[in-house]
Amino acid sequence: MNRRLSIGGITMALAVAWLVAGCGGGDDAPRFVAVPPAASQPEPGPGGGNGPGAAPAPRILVVSNRADLVSGGDALVEIQWPEGVDPATAKITLDDVDIAKAFAQRPNGRYMGLVTGLKVGDNTLAAGLPSGSARITITNHPIGGPVFSGAQMQPWICATRTAKAVTVKGNAGSAPASATATTKASGLEGDPVDDQCNAATLYTYYYRKASAPTSCTFGITGGNACYTQYDPASMPADSEIADFTNDRGDTAKDLIRVERGTINRTIYALAAPFDPRDTNMPWAPPKGWNGKLVWQFGASTGFSRFQSGPARSLFDASGGLGLQRGFMVAIASLTDHGTNANDVLGAETMMMVKELIAEKYGRIRYTIGDGCSGGSIKQASIASAYPGLLDGIQPQCTYADAFTPIIELADCGELQANYYANDPSGQALTAAQRAAINGHTSTGFCAAWISSFLPALNPSRAQNCGFPANFPLVYDRTANPKGLRCAGAEHAMSQLGSFVGDDGIERGNGVIDNQGVQYGLGALRDGALSAEEFVRLNEGVGGYDGDLVWQARRTNARRESIGIHYQAGFVSDGRQLAKVPIIDLRGNQAATGDIHANWRAYSVRDRLDRDAGGHGNQLIWKFNSSSGSSAPGAALARKAFVTMDAWLAAIEADTSANPIEAKVLSNRPAAAVDFCIASNGANDADLATTVGLEDAACPVKQQSSPRQVAGGPRAENVYKCQLKPLALGDAAYGGARFTDDQKARLAAVFPDGVCDWDKPGVGQVPVTPWLSFAAGPGGRPLGTAPVSVAAP
């Protein structure tokens, strides 16, 4: 990335150079297979040319990203010369302009250069010798994006150095046409210089004093912080700086640089061991950095239209554990699910930042994810739809992806916020019956969903977009039907598309559907409901319309709306998740009710079993806690991180031709098994006694959901079921006897049939990895990666 404004693994999952054997040896040589698959370079002809019998010619490798996904105006490039060639005789050009001075034989033994000045669009890089030449097309995208996520959402309010009032334009036809909003403070030194929110990068430097007490707090803020800020223009004496040895035995001064900047209309931050006196180039990385990366993903869910700072700290959880071992740590607001529930946009941002790291700091050996709740969504969704960006994930308070939790959320709303609350038959049900229908131990679980996230489905709720309540530009069905809709489907409209309803209103393609769902089926079978109660329940549950308004008829989502969610990769797929080690730290749900229910870790496991034929790549480590969103204790978190690091290091060292799924399984540490502990794992003694996940002594028990009680899979990934004829004599009804009247009423409720859970959902297809939405919603596969070709 060409960061012209400045103040103060897998090397990129797509890096072509490390997909090709023979890129060079030594510790820098890649060992992982990256995706999407790049076309292999042709076998060299005599003297190293580009094909059998070809004249000797060089080979050009774009190593910081795929050549067609580059952003920011620059790219890290390696040129491999035929044997015996003196590069001094070569001509290297970018669009016919000589750039040979950018290249040299580097300390890592490779002939490399940072190519700058790329224009947006296609650029031709050529390397010529008297014996033969080669060229490659590098497609550059703006540093403000997009690359593959499609058209950028508007309006988008850039952050400023200090918060201030700005005028925001609404949608075409909005009434009013504009309004005033307050920007977020960026934490940067200056305001944006353009509409893409690009601003000067800020670097701050910290050192650990040799005299710092061992009891200091790992971080850069607070009175007891281990690190103190310094100015590199007036470095403290070496004797005042503590030494640091990373996990591969490299000893350096304990110095950290924090980089905060803008990319893809977001704000990112990096922290890494960094001595400003060293070379610190991609071919000579910072000495204290071990080449590994931790990415901290933020929690919650939201559809903000504001550029903002990252929610996560660089120094806590896996970030802190990693930095103390020599890892780099990365965060970005578009990888915080609380501000950006669009995981394609999150993946794009992650890719762009990883390219920046490769160009500034050097190749990334592998990347570990960390995050709870929405942070778990980001990990699973990116690992599934854009495999290779993450090499190992550590979800906590797990959800499998962003949209399938809406199944339980909408069901809770239809059942508990409406049927139990407003229908006399629902009001007559006991608390135990309601809990049985819900699949929970109490009604507190649906209550938690209704109070916390049901409003997030309301497109008229301005807070979902980051605006204050009743912001005038936001959609209102009557007062402002052309206004900004603040819900998840609209936030991802560039990927999921939209449709215009009979009322003339454009809506994003949503997923709420309950056609054919027999609510309370399991409760009927188990005797918790009578036949009449079952009939009344299914008569009265109703559904939601496109604006989250309850209606007496059930919700019948458009088949096209449902199908595009699978097509576009928004439902995580066990086939792709099988490519990464997963350590799920599963805290105990709150007894009174919790949206982070214990069964959610098993939703991921069920997808692995159904899609990939097993779950050997997923560990579930249960710990006791006050809620499902509680953080694991320090010892348990440390054990997970060290185990993941060892697992990935073993995969990195595996030079076999086995597919990545096989490498993940064969290199799992022998001691890495499922377990449950009775505490939160605060200290090592807490980990000494473990039991099995389903052992009676394990305090972390799992239940289910309303859709699972209705017969749906534990995977909870079927939005709209295929239907089969209603057959009340099936074993699923537990022998319940229905009167002719009840049979007729159920037939009226289900005129087209009931859910056939033995079949895939409507439109349910496997994920196609690495889609680009540049051509519009639904996505297109990226296709073959560009490679260098012989030039005349």
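1. A quick definition to start: helices here are DSSP runs of H or I with at least four residues, numbered from the N terminus. With that in hand, the helix to look for is H9, which gives three residues, the largest share, to the lining of the second largest pocket. Please keep in mind that this is a predicted model.

2. Let's turn to the largest pocket. Its volume is about 850 Å³, and 35 residues line it. If you want to find its centre in the viewer, go to Phe499, Arg507, Asp545, Gly546 and Asp547, the lining residues that lie nearest to that point.

3. Which elements give two or more residues to this lining? They are helix H8 (488-491) and strand S24 (506-508). H8 supplies three residues, the largest share of the lining of the largest pocket.

4. Next comes the second largest pocket, which holds about 550 Å³ of space. It is lined by 28 residues, and those closest to its centre are Gln154, Asn171, Arg305, Glu490 and Met493.

5. Two elements give two or more residues to the lining of the second largest pocket: H8 and helix H9 (493-496).

Note on methods: Residues numbered from 1 in each chain as written. Predicted model: local features only at pLDDT ≥ 70, side-chain atom pairs only at ≥ 80, totals over all residues. Heavy atoms only, no water. 1 Å grid on protein atoms, 1.4 Å probe; cavity = no way out; pocket = protein on both sides within 12 Å on 5 of 7 lines; lining within 4 Å. Points joined across faces, edges and corners; volume = space filled by probe spheres on them.
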